[in-house]
Amino acid sequence: MSFLHKFGTALVKTLPPETAHRAALRALSLGIGPKYKCDHTSLKTEIAGLSLPNPIGLAAGFDKDAQVPDAMLAAGFGFVECGSVTPLPQAGNPKPRLFRLSEDRAVINRMGFNNQGLDNFAKHLRARKGKPGIVGANLGANKDAKNRATDYITGLAALWGLADYFTINVSSPNTPGLRDLQGGDALEDLLGRISEARQNLTGDAPSLPIFLKVAPDLNFAQIERITEQARTYGMSGIIVSNTTIERPDYLQSAHKNEAGGLSGAPLMSMSTRILTEFYTASAGKIPLIGVGGIASGGDAYTKIRAGASAVQLYSALVYAGPSLAADICDDLAARLKADGFAHMREAVGTLAGDKA
Ligand SMILES: Cc1cc2nc3c(=O)[nH]c(=O)nc-3n(C[C@H](O)[C@H](O)[C@H](O)COP(=O)(O)O)c2cc1C
């Protein structure tokens, strides 16, 4: 990391978390950000037909309005997921709603889908059309939506042809009732409608990938059901996972009892266990993207060995800054080589039987 980036990251950490986030977005949009080109051939990969220079993605929530996807791609992320975006702009929950749990290398957020809505998001994606790099759109539903399933279809229709892939986010804990969409009949109905909308939008062209993003707070029966439904309705993959509503006993920070979703280091083992269960339930037949607590090349490697074909991270950026993507790529490539894997895809699922 250059001196400037080290200094910038340290400075940003002295600000209240939401101010720091805004400052980081501003700096990135002005071109003040790290640059890294991943040339490890062992990391160049594909997921659901998307070609990635490396499997390290930026998770949703950092760039809710698609303001800086190109800066994050330039920093070394292999793909960038923007959003969650809802059809209409919404303010989200009252502040404060974002907390650093520094002692625990964790974050609690109850943002509540604050974003500027689909029109603004589409405008940003239109302005970058034709540029290289994979940028996905993570879709959410407005808090006051009459029919939440309809909001996802509205998102698909508005951004079709502008985003390289879509994520259906039914796992944010901060919109009351949203997670109920992960349950049996509600998910069946939602995925049925998405699959129909996708066919209509695709026509004769090749279809765009659509992923489903799930919570870590699921039991194995729920995991089996979700996997089966995702496959039945042709989902391109499952993103495991969103933040957790659990609070492990060992948390140290004074903020540990704030309401919202917990992410960062304490989510690593929990989300990796669920990832392993998804890998077992799907017998490797549906691609998985592993998210939750990744802060190092070792963590990314653990997710890959647990069954992830690609990974994403967000919270660790709060502590390490955006040059983390580059560090993880170099470390991951070295670990693969040391273990005799010529390519990361050979390592996918190699630990799935073990406890992560
Ligand atoms: C401040 C914050 C906002 C988030 N917003 C979203 C969001 O809008 N949509 C979404 O699908 N996930 C959102 N997430 C969840 C992340 O994408 C990710 O799934 C989760 O934080 C676990 O990864 P991590 O431990 O690397 O942060 C958010 C996370 C944080 C910390």
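Of the 27 residues around the ligand, those that come nearest are Ala-59, Gly-61, Ser-84, Ser-263 and Ser-315; a residue is near a molecule if its C-beta atom, placed from the backbone, lies within 6 Å of it. Two or more residues of this shell come from each of strand E4 (79-85), strand E6 (106-109), strand E11 (261-264) and helix H10 (315-320). Helices (H or I, at least four residues) and strands (E, at least two) are DSSP runs, numbered from the N terminus. The shell comprises 11 nonpolar, 14 polar and 2 charged residues, where Ala, Val, Leu, Ile, Met, Phe, Trp, Tyr, Cys and Pro count as nonpolar, Asp, Glu, Lys and Arg as charged, and the others, Gly among them, as polar.

The model is predicted: local features need pLDDT of at least 70 and side-chain atom pairs pLDDT 80 or more, while totals for chains, interfaces and linings use all residues. Residues are numbered from 1 along each chain as its sequence is written.

Eight strands form a closed barrel in the order E3-E4-E7-E8-E9-E10-E12-E13, with parallel pairing; two strands pair if DSSP finds at least two bridges between them.

The axes of helices H5 (residues 148-159) and H6 (residues 184-202) come within 10 Å and cross at roughly 20 degrees. Axes are lines fitted to C-alpha atoms, for helices over the stretch in contact, and angles run from 0 to 180 degrees between N-to-C directions. H5 is therefore roughly parallel to H6 (angles under 35 degrees count as such).

Terms used
Angles under 35 degrees count as roughly parallel, over 145 as roughly antiparallel, 65 to 115 as roughly perpendicular and the rest as oblique.
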